[in-house]
Amino acid sequence: AIDLYDRKLRVLPPFMHSLTFNSLRRLNLSWNQLTTLPDGIEYCMPSLRELKLQHNPLVTPPDCIGNMQFLRTLNLQCCSLQEFPQCLLITEHDCLQVLRLAGNNIHSIPPKRTLSEKPILHHNYCPQHSLAQLRLLDLSRNSLTSLPLAADSVLVGCDHLEQLVLSKNKLLSIPSHVCRLKSLLNLEMDNNNLASLPAEVGDLESLRVLSVGNNRLQSLPASIGRLEKLEELRLENNQLSSIVAEVGNLRNLRSLFLQDNDLKDGALPTSLRNLKKLRLFYLFNNPIHKLIIQRITRNTHILADEEALEAVNLADYLLVYGIHP
């Protein structure tokens, strides 16, 4: 490994592109002042597996990254990027597993139809497979307003993707093809402008965490009840006035965040008593006044308005507002 973290570098030291590092696996160039990388540097480190470039003023990702044949982890966080790194799409290499692009100014993900207009880096260019091995894609803290539709999406074919982070963007909707990512374990879409979730969200059969807090959701699709492996559901700070009964089918749910919504008396279904594994249940800042206690499980931590918690034994009861026997 070579670590050149925070060296105030504007260009790479000459030895980096004048020698060949056949055994180099990890290169850390983060927190410098690099605006690009030298042409051909990928041939000086043919076995590179991990490249850290976060916190450099790159603006445009260097094309040489697309030629790094065995690269598995790429960190381009906070690099002032204006666009998705198309050099990763116009390539035949498909080893990349971790791609971190958070904290940039990316406005869109290029649709596949536009990639044919770009110069091909390799003769076997196959864009639908260039991200085929991706496990983690972090696009949080950007300026995305939409995602490409299925026919044009580079996400189609990412069959191994486990974590998709789209938090703190400007997304108005999520296309249904995102729900075809069968390996997805963690889907984070909080702090956007989402008014609804796709009706097909229940198709994410492997999902463990669904985070859609701080949006404009007014209701949930009934298919959410098919997320049998879901352990954490974050719905805080939306505009929900009711919760669909199917949420009670989430038998593995451990954390449920419903604070700061518009839930009134009777808004929560009796099916919530089926959530035997629930350990965190947040309900404060909802216009619920009638407190009804159902004995559901032990060892559940509840965070609600203080006046509703008086004289309640939290070790014996799960507080549920609005559930009628």
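This is a short talk on one protein chain, seen in a predicted model.

Let's start with confidence. The mean pLDDT of the chain is 86. Of its residues, 83% reach 70 or more. Two stretches need care. Over residues 120-128, pLDDT is below 50. That stretch still has 25 contacts in the model, beyond near neighbours in sequence. Over residues 306-325, pLDDT also stays under 50. There the model has 63 contacts beyond four places in sequence. How should we treat such regions? Where pLDDT is low, predicted coordinates should not be read in detail.

Now the core. How many residues make up the largest nonpolar core? The count is 84. Leu51, Leu164 and Leu210 have the most contacts inside this core. Here is some background. In soluble globular proteins, nonpolar side chains tend to be buried together. Take leucine 210 as our example. Leave aside its neighbours within four places in sequence. Leucine 210 is then in contact with Leu187, Met189, Leu197, Val201, Ile224, Leu227, Leu230 and Leu233, among others. The list also includes Glu232 and Arg234. Keep those last two in mind.

Next, two serines. Are they buried or exposed? Serine 223 is buried, because its relative accessible area is 9%, under the 20% cut-off. Serine 167 is buried as well, with a relative accessible area of 6%.

Look at serine 223 in place. It sits in the loop between β9 (209-211) and β10 (232-234). A polar atom of its side chain lies 2.6 Å from the backbone oxygen of alanine 199. Beyond four places in sequence, serine 223 touches Ala199, Glu200, Val201 and Gly202.

Now serine 167. This one is in the loop between β7 (163-165) and β8 (186-188). What does its side chain meet in a polar contact? The partner is the side chain of aspartate 190, at 2.8 Å.

Arginine 141 is in the loop between β6 (136-138) and β7. Arginine 141 is partly exposed, with a relative accessible area of 39%. Its contacts, beyond four places in sequence, are Cys78, Ala102, Gly103, Asn104, Ser167, Lys168 and Asn169. Now compare sequence with space. Arginine 141 and leucine 101 are 40 residues apart along the chain. Their C-alpha atoms are separated by 8.7 Å.

On to charges. How many salt bridges are there? The count comes to six.

One is between lysine 8 and aspartate 6. Their side chains meet at 3.1 Å, N to O. Lysine 8 is exposed, because its relative accessibility is 53%, over the 50% cut-off. Aspartate 6 is partly exposed, at 36%.

Another joins arginine 226 and aspartate 203. Here the N to O distance is 2.4 Å. Arginine 226 lies in the loop between β9 and β10, and aspartate 203 in the loop between β8 and β9, so the pair ties together parts that are 23 residues apart in sequence. Both partners are partly exposed: arginine 226 at 43%, aspartate 203 at 27%. Serine 223 is in the loop between β9 and β10 too.

The last pair is glutamate 232 and arginine 234. Their closest N and O atoms are 3.5 Å apart. Glutamate 232 is partly exposed at 24%. Arginine 234 is partly exposed at 23%. This pair belongs to a network of salt bridges that links Glu232, Arg234 and Glu236.

Finally, cysteines. How many disulfides does the structure hold? The number is zero. Cysteine 44 counts as buried, at 10% relative accessibility. Cysteine 158 counts as buried too, at 1%.

To recap, briefly. The largest nonpolar core has 84 residues. Serine 223 and serine 167 are both buried, each in a loop. There are six salt bridges, and zero disulfides. And residues 120-128 and 306-325 have pLDDT under 50. Thanks, I'm happy to take questions.

Key: Residues numbered from 1 in each chain as written. Predicted model: local features only at pLDDT ≥ 70, side-chain atom pairs only at ≥ 80, totals over all residues. Heavy atoms only, no water. Disulfide = S-S within 2.5 Å. Buried < 20%, exposed > 50% of the residue type's maximum accessible area, 1.4 Å probe, protein only. pLDDT = per-residue confidence, 0-100. Contact = heavy atoms within 4.5 Å. Helix = DSSP H or I, 4+ residues; strand = E, 2+ residues; numbered from the N terminus. Polar contact = N/O pair within 3.5 Å; in protein donor to acceptor, adjacent residues only side chain to side chain. Salt bridge = Lys/Arg side-chain N within 4 Å of Asp/Glu carboxyl O. Core = buried A, V, L, I, M, F, W, Y, C linked by side-chain atoms within 4.5 Å.
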